[in-house]
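Welcome! Here is a short briefing to read with the sequence and the 3D view open.

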Amino acid sequence: MRIGVFVGEVRGAVTAGELAGQVRAAADAGLSTAWSAQALGWDALTALAVAGAQVPGIALGSSVVPVPARHPLVLASQALSVQAATGNRLTLGIGVGIAMMTRTMFGLSADRPVARMREYLSVLRPLLRGEQVSHRGEMFTVEGTVNVPGAAPPPVLLAALGPAMLRLAGEHADGVVTWMTGPRTLAGHIVPTVTRAAHAAGRPSPRVVAGLIVCVTDDEEDVRRRIAGEFGLAGQVPEYRAVLDREGVDGPEDVVIVGDEQAVVHRIGELAEAGVTEFAASPYGDAREQERTLAVLAGLAGSTGHST
């Protein structure tokens with residue numbers, strides 16, 4: 001199992017210089033991938049282009065870009081621009097977005113998310129390959145092509161938690177990326193569903209990237225209490241509530257990886273046993289807590305059996 005790390009504002013507000021510093025620290029630690037989330041500040045793909053261009057070697061990933069407000073031609077152009085700027089190191093993670101946010105922030109429909117994503121992928125993948133697309137479908141009209149010299153089509157992962165979206169990820173993407181999903185749900189639901197779908201479609205075994213908050217600490221109770229305060233509302237979002245219920249837990253604070261060095265290593269090992277191919281860690285806490293967490297992640301990345 002590969003070990004990657006989230007960079008950017010998911011760990012707290014950052015300047016452009018601090019963002020690049022986080023990517024550089026991840027690369028120096030031997031971590032596989034620097035992942036950038038799309039929140040309410042930094043654009044995920046712009047962040048990867050800005051920071052990734054300054055730090056060679058480390059792979060880059062978006063986890064995830066919500067697609068409702070980005071036409072396929074726009075997203076293909078953005079993704080290929082990142083590829084050109086960073087030497088083709090991008091994994092493009094995309095999702096339909098949280099339905100409540102799609103409706104309230106953008107005033108857009110969130111109905112039929114699987115059908116919408118299926119059609120979106122049917123035009124996005126050819127555009128990423130530089131092909132001409134002429135498409136007038138039920139939900140999208142796309143007429144054109146994207147040409148960015150030197151840019152290779154990136155792998156595409158789907159944010160998928162429900163059975164239908166997981167099957168779509170196996171059939172038409174390169175894998176799946178999850179957030180706030182524990183090892184029981186990964187082992188019993190996420191991994192087998194997406195893997196069966198990929199194999200039935202004659203595709204290779206999919207990538208399974210699991211994103212979770214992680215904090216190495218001697219005061220586990222305090223950290224979980226802080227996380228509950230900061231992320232508790234996410235447990236009320238239907239998309240996340242469903243996987244928390246599958247896991248049999250009350251809230252986000254119950255699926256995060258928190259504890260001393262030994263406990264954190266053990267919990268990350270459970271993800272590998274569940275079939276996860278890459279752990280995308282989101283270090284939590286103050287500078288000292290994040291530094292201590294990064295040291296453990298670096299040790300895992302360099303150890304036999306945790307790095308590929």
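Helices (H or I, at least four residues) and strands (E, at least two) are DSSP runs, numbered from the N terminus. This is a predicted model, in which local features need pLDDT of at least 70 and side-chain atom pairs count only at pLDDT 80 or more, while totals for chains, interfaces and linings use all residues. Residues are numbered from 1 along each chain as its sequence is written, and side-chain values use heavy atoms, with hydrogens and water left out.

**The annotated span**
- UniProt lists residues 10-277 as "domain: Luciferase-like" in an unreviewed entry; such annotations may be inferred rather than shown by experiment.
- This span is 46% helix and 18% strand, and its end C-alpha atoms lie 22 Å apart.

- Arginine 267 sits in helix H10 (residues 261-273).
- With 18% relative accessibility, arginine 267 counts as buried (under 20% relative accessible area; exposed is over 50% and partly exposed in between, using a 1.4 Å probe and protein chains only).
- Setting aside neighbours within four places in sequence, arginine 267 is in contact (heavy atoms within 4.5 Å) with Arg224, Val255, Val256 and Ile257.
- Leucine 121 belongs to helix H5 (residues 113-128) and is buried, at a relative accessible area of 4%.
- Not counting residues up to four places away in sequence, leucine 121 touches Ile94, Pro126, Val156, Leu158, Leu168 and His172.
- Leucine 121 and leucine 158 are 37 residues apart along the chain, and their C-alpha atoms are separated by 9.9 Å.

**How helices pack**
- Two packed helices are described by the angle between their axes and the distance between the axes.
- Axes are lines fitted to C-alpha atoms, for helices over the stretch in contact, and angles run from 0 to 180 degrees between N-to-C directions.
- Helix H3 (residues 72-86) packs with H5 at an angle of about 40°, their axes 9 Å apart.
- That makes H3 oblique to H5 (angles under 35 degrees are roughly parallel, over 145 roughly antiparallel, 65 to 115 roughly perpendicular and the rest oblique).
- The H3 side of this contact is Pro72, Leu73, Leu75, Ala76, Ala79 and Leu80, and the H5 side is Tyr120, Val123, Leu124, Leu127 and Leu128.
- The axes of helix H6 (residues 163-172) and helix H7 (residues 183-200) come within 7 Å and cross at roughly 45°, so H6 is oblique to H7.
- Among the residues in that contact are Pro163 and Leu166 of H6 and His189 and Ile190 of H7.
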